[in-house]
Number of protein chains: 2
Amino acid sequence: VNRKDAEGLDRADDLAPFRARFELAERPIYMDGNSLGPPSSAVAAALTRAAREWQDDLVEGWETWIDRPGTVGDRLGRLLGAADGQVLVCDSTTVNLYKLAWAAIAHQAGRRVIVAEAGDFPTDRYVLQGLAETHGLQLRLVETRGDDPEGALEKAMDSDTALVCLSHVHFRTGRKLAADRLTAAAHDRGALILWDLAHSAGSVPVDLDGWEADLAVGCTYKHLNAGPGSPGFLYVRRSLQDDLRQPIWGWFGQDNQFEMETAYRPRPGIGSFLAGTPGILSLAAVDAAVALVQSAGPIRLYAKAERMTRLLFESARERLVPLGADIITPKDPTRRGAHVSVSHPRAWPWCRALIDRRLVVADFRTPDVIRLGPGSLYSRFVDCYDAVEAMAQVMEDGFPDAAVRRRVT
Amino acid sequence: VNRKDAEGLDRADDLAPFRARFELAERPIYMDGNSLGPPSSAVAAALTRAAREWQDDLVEGWETWIDRPGTVGDRLGRLLGAADGQVLVCDSTTVNLYKLAWAAIAHQAGRRVIVAEAGDFPTDRYVLQGLAETHGLQLRLVETRGDDPEGALEKAMDSDTALVCLSHVHFRTGRKLAADRLTAAAHDRGALILWDLAHSAGSVPVDLDGWEADLAVGCTYKHLNAGPGSPGFLYVRRSLQDDLRQPIWGWFGQDNQFEMETAYRPRPGIGSFLAGTPGILSLAAVDAAVALVQSAGPIRLYAKAERMTRLLFESARERLVPLGADIITPKDPTRRGAHVSVSHPRAWPWCRALIDRRLVVADFRTPDVIRLGPGSLYSRFVDCYDAVEAMAQVMEDGFPDAAVRRRVT
């Protein structure tokens with residue numbers, strides 16, 4: 001890989017004009033879009049517009065706001081291969097995961113096992129651990145080292161499995177699981193499957209209806225760029241919606257909400273998975289963020305993500321591996337998401353030096369991983385190239401030790 | 001009551017200058033602050049500032065954002081009579097109610113009854129109904145007609161009561177319960193008590209520590225004016241925090257969050273009641289909204305609310321009762337919150353006509369209630385006077401029937 005290749009890819013990049021919608025500085029190079037996407041002018045304008053709507057319409061705004069979790073959900077659903085009426089934007093990813101996993105377990109009464117991955121994202125494991133402990137179930141955490149994580153996961157599923165809960169793209173390694181195969185495997189054993197799409201939505205093709213997935217959750221602040229702590233989303237397959245009941249019985253999940261009847265009676269359809277009053281300003285941001293991805297064309301966007309990932313991977317192989325780094329992201333492009341991770345014993349001070357010298361903002365994951373997550377709407381191929389070069393340069397120049405500080409994904 | 005009295009009260013009103021912070025039209029008169037508060041310039045500026053912070057700091061913003069649920073919670077806590085470290089701003093009121101009620105029930109294992117009010121706000125009843133059904137408990141819904149609601153509620157509490165869950169100010173009638181007395185009554189029977197402060201926060205004195213309350217939740221989009229669907233809050237008494245465990249085990253509730261350890265181990269203190277990633281833009285709005293209330297001086301604010309409520313009550317008695325309306329808000333000023341409710345068989349078309357003629361935006365509650373909820377930061381005494389006059393005028397002039405449409409509180 002040389003810089004001319006990257007420049008050529010940028011010249012041929014149909015999405016290049018989208019960078020102008022993001023006010024990004026030249027340096028440091030932002031390679032942390034898989035942790036927190038940057039703001040676009042579209043999202044900034046949507047926030048201003050939403051605040052104005054609040055000013056102008058006051059309480060009457062609710063005439064239209066009230067449907068937003070579903071209308072924004074439908075728009076997002078189109079990116080996720082979900083027909084209308086199956087996606088809601090609401091609550092946090094964690095709360096949504098809790099609601100759906102609880103509903104799945106209740107539906108599968110009699111089965112006593114939840115299957116998940118040992119190295120999955122903490123909030124997923126913690127939510128499942130909590131549900132397992134309070135429902136007297138077993139949480140079976142599967143180690144997935146080696147080239148066949150799907151095989152290891154399939155082996156752990158059996159006729160006692162109530163729920164399989166997996167991340168489509170792994171937060172640490174960027175490894176992508178074969179979602180269709182694993183969904184079929186879960187169904188073969190009579191289990192339900194819940195996909196966490198936090199690192200997938202907006203970065204890799206997702207086909208929830210095509211996979212025949214049961215449930216999914218995810219977040220909108222990474223590759224969808226909707227803002228720090230913007231709402232999560234949830235998906236419930238249409239044919240399951242009236243069979244599942246979630247635990248948080250709130251007034252937004254109630255049929256005839258404004259009749260304020262004595263007893264709770266869940267709305268038909270996806271609406272029963274709502275709980276409390278949705279955040280209207282943040283929903284406006286999500287709507288604009290998803291619309292921007294749509295206007296760029298998801299297929300072009302995923303293709304660019306794959307090419308950027310390839311360039312990062314190849315550059316890292318050439319420049320960082322000789323300096324003692326390991327690439328923990330799969331070599332096979334069909335098994336990768338949209339970020340590349342390298343491990344190194346001095347990953348933290350290395351990452352810190354890159355930030356302190358205003359070269360690259362990358363993402364450290366304890367104990368020894370640096371993630372590089374460009375965004376197809378705003379990153380250039382030369383950014384990927386230059387980021388790896390800067391990493392190599394800093395390693396060659398040397399850097400001091402640094403105390404580990406907390407970071408949020 | 002005549003208009004000159006109202007004008008005199010406005011002239012003497014120290015808070016009058018705060019109206020300029022809200023871009024409110026002269027007509028229609030906004031009397032729905034107990035449903036959705038209007039935006040202030042402070043909140044608008046905070047949203048712009050937060051979006052700028054996202055732009056400038058990107059993922060590094062989390063160095064400070066991460067503590068916001070607690071720091072904004074502490075600031076709000078000062079309005080609620082809560083010492084630092086007991087309040088979080090996070091999730092929705094409904095989700096917070098679920099988390100705290102679940103935690104209380106688990107802590108009170110062996111006791112089989114939840115006591116609540118039959119006419120309480122739907123989401124409260126629904127959440128409790130869901131918890132009762134899934135935990136095999138009895139939800140005892142108490143009718144509280146008459147002058148002694150506290151007596152009726154006390155009678156329903158017994159040694160089998162796990163949790164008492166009540167709204168401090170009633171959403172429909174504006175009736176305020178004697179929180180200290182009922183808290184003591186719950187404790188006498190070994191029950192925990194959870195207060196819903198949705199209609200209290202920012203409008204009437206609240207003294208959680210003084211009441212010796214166990215738990216509380218509430219919302220920030222009514223009298224705190226933080227925006228449509230802005231986050232809820234929760235309070236857990238310090239001495240209970242390490243004994244209670246909430247059901248949604250997320251990574252924000254985990255000790256050493258960024259160690260990403262295998263097993264969930266809740267943070268000490270109030271932090272264990274967090275779940276997923278908090279919404280940073282909406283937290284900025286809440287922070288600014290609470291700061292504005294603080295800068296106005298809560299004591300002056302509550303005093304003005306009481307005087308406005310009195311003026312509304314007296315005007316309604318003189319002008320609306322002769323036209324067939326009933327006032328369902330208590331006559332005793334010490335037993336009222338900050339809104340006044342009248343009932344009338346034609347409440348809906350009456351309310352609709354007031355809006356359609358651009359006179360007053362009030363709040364309809366099915367089947368027959370109109371609520372008048374001024375805001376002490378932005379409403380004038382003449383607004384209260386004119387709103388009731390407009391209601392009388394419309395009733396005298398006559399208005400057509402109208403189909404009921406949904407409204408959100």
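Analyst: Here is the sheet, then the glutamate. It is a predicted model, where local features need pLDDT of at least 70, side-chain atom pairs count only at pLDDT 80 or more, and totals for chains, interfaces and linings use all residues. Residues are numbered from 1 along each chain as its sequence is written, chains are lettered from A and ligands numbered from 1 in the order in which they are written, and side-chain values use heavy atoms, with hydrogens and water left out.

User: What is the strand order of the open sheet in chain A?
Analyst: 2-8-7-6-5-3-4, seven strands with mixed pairing. Strands (E, at least two residues) and helices (H or I, at least four) are DSSP runs, numbered from the N terminus. Two strands pair if DSSP finds at least two bridges between them.

User: Which are the edge strands?
Analyst: Strand 2 (87-89) and strand 4 (138-142) of chain A. Each pairs on one side only.

User: Do strand 3 and strand 4 of chain A pair in the parallel or antiparallel sense?
Analyst: Parallel, over five bridges. A:Val115 has A:Arg140 in strand 4 of chain A as its bridge partner.

User: Switching topic. Where is A:Glu150?
Analyst: In helix 7 (residues 149-156) of chain A.

User: Buried or exposed?
Analyst: A:Glu150 is buried, at 1% relative accessible area. Buried means under 20%, exposed over 50%, partly exposed in between (1.4 Å probe, protein chains only).

User: What does A:Glu150 touch?
Analyst: Leaving out residues up to four places away in sequence, its contacts (heavy atoms within 4.5 Å) include A:Lys176, A:Arg181 and A:Arg335.
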